[in-house]
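Hi,

Here is the structure I promised to pass on. Have a look, and my notes follow below.

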Amino acid sequence: MRKISNTFFLLTFELLKKTKIMAINLRSPGRGVLGYIAKQIMLIGNKKLSEDCVRRLNVQTTDTVLEIGPGNGHAISSILKKKPTSVEAIEISPVFTSILQERFKNKIHIINQDAKCLGPY
C-alpha cells in the first residue's frame, strides 16, 4: 500500500511540478491536498539524501550545526544522533516550523524566517 501511495504522489507531482501553485506548496506547504503532496514528495526524496549528507559532514560533539531549510527534520534527526553541542535551524515554512517544534521540542533552536532576510547571525 505504501508503494502505491508513493507512486500516486510522484505521478501527481510530475503533472504539477511546473505550476506556480506547486512551487508555492514546495516552498511552504499548505494544509490542502497540494500541501500534503508537497510534504510527501519531500519525505520520499529527502530521507536518503539527508542521511548521506550527515554522514559526509562528520559531525563531532564539539560542533554547532546550522541547517537552512530543514523541512520536516530528516537531517536533524541524523545530526542529533551525533550529539553536537547545539543545532540551529532556519525554516521559512510555518507548517514545517510547527512540525519541527513538535518533533524536536527543546533539542534544537528554530528560527521561522527566510534565511536571505537574516542579518548577522
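What share of the contacts in the protein chain with a separation of 6 or more comes from residues 24 or more positions apart? The figure is 43%, with contact meaning heavy atoms within 4.5 Å.

Before the rest, some housekeeping. This is a predicted model, so local features need pLDDT of at least 70 and side-chain atom pairs count only at pLDDT 80 or more, while totals for chains, interfaces and linings use all residues. Residues are numbered from 1 along each chain as its sequence is written, and side-chain values use heavy atoms, leaving out hydrogens and water.

On the overall layout: the protein chain has 5 helices and 3 strands (DSSP runs, H or I of at least four residues for helices and E of at least two for strands, numbered from the N terminus). Along the sequence they run α-α-α-β-α-β-α-β. Of the 121 residues, 36% are buried, i.e. under 20% relative accessible area with a 1.4 Å probe, protein chains only.

Now the helix pair I looked at. The axes of α4 (residues 74-81) and α5 (residues 94-104) come within 11 Å and cross at roughly 30°; axes are lines fitted to C-alpha atoms over the stretch in contact, with angles from 0 to 180 degrees between N-to-C directions. The two helices are therefore roughly parallel to each other (angles under 35 degrees). On the α4 side, the contact is made by His-74, Ile-76, Ser-77 and Leu-80, and on the α5 side by Leu-100, Arg-103 and Phe-104.

Cheers

Technical notes: Angles under 35 degrees count as roughly parallel, over 145 as roughly antiparallel, 65 to 115 as roughly perpendicular and the rest as oblique. Buried means under 20% relative accessible area, exposed over 50%, partly exposed in between (1.4 Å probe, protein chains only).
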